[in-house]
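Hello,

Here is the structure I promised to pass on to you.

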Amino acid sequence: MIKEVIVTTSNADGTTHIAPMGIREEADLIIIAPFRPSATLDNIQRNKTAVINYIDDVRIFAGCLTGRNKWPLLPTEKIKEHRLATALSHAELQLQRSYDDELRPRFYCQAIHEKIHKPFRGFNRAQAAVLETAILVSRLPMLADEKIDQEIAYLTIAVDKTAGENEKIAWGWLMDKIREYRLETRKDKMA
């Protein structure tokens, strides 16, 4: 099973890198497998730590994919990292071992501290639709226009029926990103 979360890690300059990512669990370890190249990969290799942020604000997923990656942070308790201030809960991770791979190395991490900050009140369908669209946006170069259009048409139904303000904002950012991508692609084809 893959869980969609936000991973925070420390850059070499001390700033925090915020990235949406799917993680897996195996036994008592959390597996983070960032694509190569990526700041998350570099940061975990250098620092041997990371933070998993469990959130329900889909704006953060959409924001990370659309250049909006400044979100309020708080220091963690057991490792030298930061977590999202709006996280429902977080887990502070220490790297135990890694498996190198040409495309996607895997980091096996132990949660050394976990904390719940707010209750989880459940998801609405629009949140799930925004999350699926964020994943779609992360893969735009791999998908045909027809596939993108089909997915958006289906996911729009959930957004139209169940979105709150945060979901509408996130959806708008993602739709803008898809339009920008298509304009750039058309310009490249015409050049």
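What follows is a short tour, from the helices to the strands, a few backbone details and the pocket.

First, some ground rules. This is a predicted model, where local features need pLDDT of at least 70 and side-chain atom pairs count only at pLDDT 80 or more, while totals for chains, interfaces and linings use all residues. Residues are numbered from 1 along each chain as its sequence is written, and side-chain values use heavy atoms, with hydrogens and water left out. The labels H and E are for helices (DSSP runs of H or I, at least four residues) and strands (DSSP runs of E, at least two), numbered from the N terminus.

Some of H5 is buried, a word I use for under 20% relative accessible area; exposed is over 50% and partly exposed is in between, with a 1.4 Å probe and protein chains only. The buried residues here are Glu167, Ala170, Trp171, Trp173, Leu174, Met175, Ile178 and Arg182. An α-helix has 3.6 residues a turn, so residues three or four places apart point the same way. The buried residues of H5 pack against helices H2 (58-65), H3 (125-138) and H4 (145-162).

Helix H2 is mostly covered, with six of its eight residues buried: Val58, Ile60, Phe61, Ala62, Gly63 and Cys64. These buried residues pack against strand E1 (3-10), E2, strand E6 (82-84), H3 and H5. Just after H2, Gly67 takes a positive phi of about 85 degrees.

You will find Thr66 in the loop between H2 and strand E5 (73-75), and at 15% relative accessibility it counts as buried. What does its side chain meet? A polar atom of the Thr66 side chain lies 2.9 Å from the backbone oxygen of Ala62, and a polar contact of 2.9 Å joins the side chains of Thr66 and Arg68. (A polar contact is a pair of N or O atoms within 3.5 Å; within protein, one must be able to donate a hydrogen and the other to accept it, and residues adjacent in sequence count only if both atoms are side-chain atoms.) Leaving aside neighbours within four places in sequence, Thr66 is in contact (heavy atoms within 4.5 Å) with Trp173, Leu174 and Lys177. Of these, Trp173 and Leu174 are among the buried residues of H5.

Now to the strands, where two count as paired if DSSP finds at least two bridges between them. Strand E8 (residues 106-116) pairs with strand E3 (residues 29-32) in the antiparallel sense over four bridges. Strand E7 (residues 89-99) also runs antiparallel to E8, joined by ten bridges, and a hairpin of six residues leads from E7 to E8. Tyr108 in E8 takes part in both pairings: it is the bridge partner of Ile31 and of Arg97.

Most residues other than glycine have a negative phi, and most peptide bonds are trans. The peptide bond from Arg36 to Pro37 is cis, with omega near -5 degrees; Pro37 is in the loop between E3 and helix H1 (39-47). Ala27, in the loop between strand E2 (16-26) and E3, has a positive phi near 60 degrees and is exposed, with a relative accessible area of 75%. Lys48, in the loop between H1 and strand E4 (49-54), has a positive phi of about 65 degrees and is partly exposed at 38% relative accessibility.

E2, H1, H2 and H3 each supply at least two residues of the lining, and E2 gives the largest share, eight residues.
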